[in-house]
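Student: I am new to this structure. Please show it to me, and then I will ask.

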Amino acid sequence: MEELMTLLDEHLSCSGIDISDDIIRFSVISTRKECVCPSCQQTSSRVHSRYSRSFQDLPIQDKKVIITLLNRKLFCDNMACHRTTFAETFHFIDHNAKKTQRLKETILEVSLTQSSVSAAAYLSQHVVDVKKSTICNYQKKKHYPDQ
């Protein structure tokens, strides 16, 4: 199972797995030694705090997947930078997102061939818990990214 997390990001390590009837829950941590401040691009290894962040990913063997990441906030030690702290980021998920990029792409692919109502019903049954309004929002962002 460790390899599954490194497919998302090579700096993730699985710290626990809980499998129930229809959900697989992964607990993961980052193995990065340093992170880059998004404002000034200076690296930092000084941890301010940690918080849990949960999001959904593609299903595995017809089981929904929920990943809980112990995310870090770090200090930016650059005195010229306007940030004092920043959160560690990952390329596979947007800031504050509840679904991975690859899951969003799958949702969009399914919704191209049917209405958002029927896509939501199909996806909720087979892939991921998603509402019609979420599908519509993803479609809007895809077609009008500045909104």
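Student: Are Arg32 and Asp9 buried or exposed?

Tutor: This is a predicted model, in which local features need pLDDT of at least 70, side-chain atom pairs count only at pLDDT 80 or more, and totals for chains, interfaces and linings use all residues. Residues are numbered from 1 along each chain as its sequence is written, and side-chain values use heavy atoms, with hydrogens and water left out. Buried means under 20% relative accessible area, exposed over 50%, and partly exposed in between (1.4 Å probe, protein chains only). Arg32 and Asp9 are both buried.

Student: How many residues apart in sequence are the parts that Arg32 and Asp9 tie together?

Tutor: The side chains of Arg32 and Asp9 meet in a salt bridge (3.5 Å, N to O). Such a bridge is a side-chain nitrogen of Lys or Arg within 4 Å of a carboxyl oxygen of Asp or Glu. Arg32 lies in the loop between β2 and β3 and Asp9 in the loop between α1 and β1, so the parts tied together are 23 residues apart.

Student: Which residues are linked with Asp9 and Arg32 in a network of salt bridges?

Tutor: A search of the whole structure finds 7 salt bridges. The network links Asp9 and Arg32 with Arg72 and Glu88.

Conventions: Helices (H or I, at least four residues) and strands (E, at least two) are DSSP runs, numbered from the N terminus.
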